[in-house]
Amino acid sequence: MNDMLTIALSKGRLAEQAIELLEASGYDCAAAKEKSRKLILEDAESGLRFILAKPADVPTYVEYGAADIGVVGKDTLLEESRQLYEVIDLGFGACRMCVCGPASLAGKLDGIPNKRVATKYPHIARSYFEGEKKESVEIIKLNGSVELAPLIGLSEVIVDIVESGRTLRENGLDVLEVIADISARLVVNRVSMKMKAQSILPMLDAIRVQLSANKTKEEEENDAV
Amino acid sequence: MGNYRFHTPDGVSDTLPGDCLAKRGFETKLRGLFSSAGYQEIETPGIEYYDVYAAGNFVSQENLYKLADQEGRILALRYDGTVSAARLAATVFREVQPPLRLSYVGNMFRFRESGGGRQKEFTQAGVELLGVSSTEADAEVIALAISSALALGISDLQISLGQVEFFKGLMEEWGVPAEDAEEISREVDQKDQVALKKAADRLALRDDARETLLLLSSLYGTYEPLEILEKRVTGERARAALQNVREILGILEDYGYIRYVSVDFGMLRSLDYYTGMIFKGFTYEVGFPIISGGRYDQVVSAFGRDLSAVGFSLGINLAMIALRRQGREFPAAGADAIIGYSKEPNMRKAALSMADSLREEGLNVIVDCAGCGEEELETLADLRGIEQVIFLNASSCGCDTEEKI
């Protein structure tokens with residue numbers, strides 16, 4: 001049977017960090033580091049094949065079994081809600097999914113009925129307001145520069161990821177509520193986990209070991225300071 | 001208007017001759033297998049009342065194809081074989097002494113299913129064993145599921161066996177409220193260790209309970225997970241569930257099927273629907289399980305009859321996708337022979353009677369109805385891969401045949 005493992009990576013910084021981690025865990029990723037415009041990078045010797053996909057598509061590749069393993073942000077996983085095994089928190093790409101708006105709204109959010117919520121993440125926004133807060137909202141789907149929406153009266157609040165909070169502050173907005181902590185996750189197709197357990201399980205173990213080694217190192221460095 | 005006339009709707013597809021032939025062959029094999037094990041086939045309507053599915057909250061309404069009848073009642077296209085069989089067991093068959101062994105092969109309709117080989121309309125073959133709550137019944141159904149996959153030629157088969165009762169037992173022992181338990185079961189099923197650690201903190205679980213919870217999604221093997229968990233778990237309900245799995249494995253040894261089975265206590269599904277062991281069947285080259293089954297003792301009671309139930313279904317379309325990607329081909333069968341005839345008297349009658357006798361021998365025979373001459377007939381036969389060409393004319397006395405080998 002085909003024992004090559006296909007790994008879907010989210011194009012960009014997340015892919016670089018994932019490859020770094022895999023290398024440190026003892027996997028040869030020379031193929032993936034090749035500078036080219038190829039979308040499939042295969043290394044027959046190490047038995048790994050990398051595909052570079054748009055982050056929002058990674059869960060789809062993995063759910064359908066086109067890739068066995070994926071590395072993708074928790075924000076994308078929450079938004080796509082696919083049937084996957086979400087096995088490891090890789091720690092990098094950390095940020096928070098938040099409800100943001102003008103600071104004047106702090107503490108007054110629940111008082112606004114049928115709020116308009118602008119976001120790139122309609123699914124997350126809907127399940128937060130309808131599921132957790134039990135309130136009906138109007139979701140306005142935008143594709144970028146979401147911070148604009150409350151500034152020009154398109155919506156009362158936004159739901160978006162917040163890293164440093166700098167963009168928010170520069171636009172006079174604040175974090176009003178935190179929905180979830182976000183970081184990169186390693187996901188596995190449900191069938192691959194069973195059918196290719198012999199190659200997947202050792203890889204997961206190696207990554208876990210490497211992650212905890214990184215953590216220890218970090219702590220030591222912090223202690224030294 | 002009319003822009004879609006050349007298309008089929010999303011999530012449904014035509015089945016062309018090669019696939020259709022193979023699919024009917026598979027269905028016939030499975031029907032034979034089920035009936036040889038004493039299961040009687042039923043055919044339930046393609047349309048049910050919506051209430052049938054609403055009865056036990058079995059299916060989320062977003063997943064049903066709904067329409068209305070002339071009286072304004074809500075109807076739903078058949079979602080699966082189990083709920084309809086349960087309705088029958090509680091109504092038409094209410095006087096029948098259990099056990100009941102029922103089987104079905106039919107098309108199911110799911111509004112939101114699509115992608116990766118899944119279709120909104122697909123064919124399932126499955127069985128329901130009603131009125132026996134024994135471990136032997138659990139094992140019989142799992143064994144029949146394995147036999148089904150093998151009968152289709154899927155030998156790279158992995159059956160994952162789980163137990164929702166074990167999980168429910170743990171939750172009860174640890175005093176976890178029902179709504180939290182449902183949430184945690186999803187997190188266990190997704191092997192989401194991050195969320196599970198948070199849940200353990202939130203519920204202030206004891207250290208050993210916390211460890212057990214995190215272990216659920218990381219134990220693999222056949223007997224190993226059992227051995228580890230048997231040492232950790234003390235509650236009666238959870239221990240009974242472990243015992244059930246151990247006994248099932250023992251019986252599957254007797255069936256000679258143990259090599260296909262591994263145990264996964266981290267595999268969990270709707271806690272409201274399932275009441276005991278659950279299982280899924282996987283093979284290479286398709287991203288979704290081809291087999292799904294388990295014990296759901298509350299399904300028939302939603303229709304007012306207290307009857308235990310265990311069953312499985314196999315998705316024939318997904319299985320065929322897997323087989324094709326594993327290298328199997330599904331060629332269409334052409335005719336074995338084609339008979340043409342001249343316009344002379346009595347030739348048609350001779351051709352028809354020759355066709356009859358060849359068909360009786362089991363050949364697939366076409367009688368030309370386009371008025372082809374001998375040469376045209378040869379060309380047509382070449383094109384379609386028909387081996388035997390027969391042309392009747394008066395000079396061949398209506399009985400001489402020209403064979404092309």
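Select R185(A) and E86(A): both are buried (buried means under 20% relative accessible area, exposed over 50%, partly exposed in between, with a 1.4 Å probe and protein chains only). This is a predicted model, where local features need pLDDT of at least 70, side-chain atom pairs count only at pLDDT 80 or more, and totals for chains, interfaces and linings use all residues. Residues are numbered from 1 along each chain as its sequence is written, chains are lettered from A and ligands numbered from 1 in the order in which they are written, and side-chain values use heavy atoms, with hydrogens and water left out.

**Stop 1: the first pair**

Stay on R185(A) and E86(A). They form a salt bridge, with the closest N and O atoms 3.0 Å apart (a salt bridge is a side-chain nitrogen of Lys or Arg within 4 Å of a carboxyl oxygen of Asp or Glu). R185(A) lies in strand β11 (residues 184–188) and E86(A) in strand β5 (residues 85–89) of chain A, so the pair ties together parts that are 99 residues apart in sequence. Helices (H or I, at least four residues) and strands (E, at least two) are DSSP runs, numbered from the N terminus.

With E86(A) and R185(A), they are linked in a network of salt bridges. Over all chains, the structure holds 38 salt bridges.

**Stop 2: all of chain A**

Zoom out to chain A. Its secondary structure comes to 9 helices and 11 strands. The C-alpha trace spans about 60 × 45 × 35 Å along its principal axes. Of the 225 residues in chain A, 49% are buried.

Next, find helix α9 (residues 197–224) of chain A, where E218(A) has its place. Which residues form a negative surface patch with E218(A)? Select E219(A), E220(A), E221(A) and D223(A). Patch residues have over 30% relative accessible area and no salt bridge; like charges are joined within 9 Å, and nonpolar side chains (Val, Leu, Ile, Met, Phe, Trp, Tyr) within 5 Å.

**Stop 3: pairs in chain B**

Select D264(B) and K191(B). Their salt bridge has its closest N and O atoms 3.8 Å apart. D264(B) sits in the loop between β8 (261–263) and β9 (277–282), K191(B) in the loop between α6 (178–189) and α7 (193–202), 73 residues apart. Is D264(B) buried or exposed? D264(B) is buried, with a relative accessible area of 1%. K191(B) is buried too, with a relative accessible area of 1%.

Move to D208(B) and R206(B). Their side chains meet in a salt bridge (3.2 Å, N to O). D208(B) counts as partly exposed, at 37% relative accessibility.

**Last stop: the domains of chain B**

Colour domain 1 (17–325) and domain 2 (337–397) of chain B. These bounds come from an automatic or database domain assignment. Taken over C-alpha atoms, 53 Å separate the centres of domain 1 and domain 2 of chain B.

Terms used
Accessible areas come from the Shrake-Rupley method with a 1.4 Å probe; for residues, only the protein chains shown count as cover. Lys and Arg count as positive and Asp and Glu as negative; His and the chain ends are not counted. The place of a charge is taken as NZ of Lys, CZ of Arg, CG of Asp or CD of Glu.
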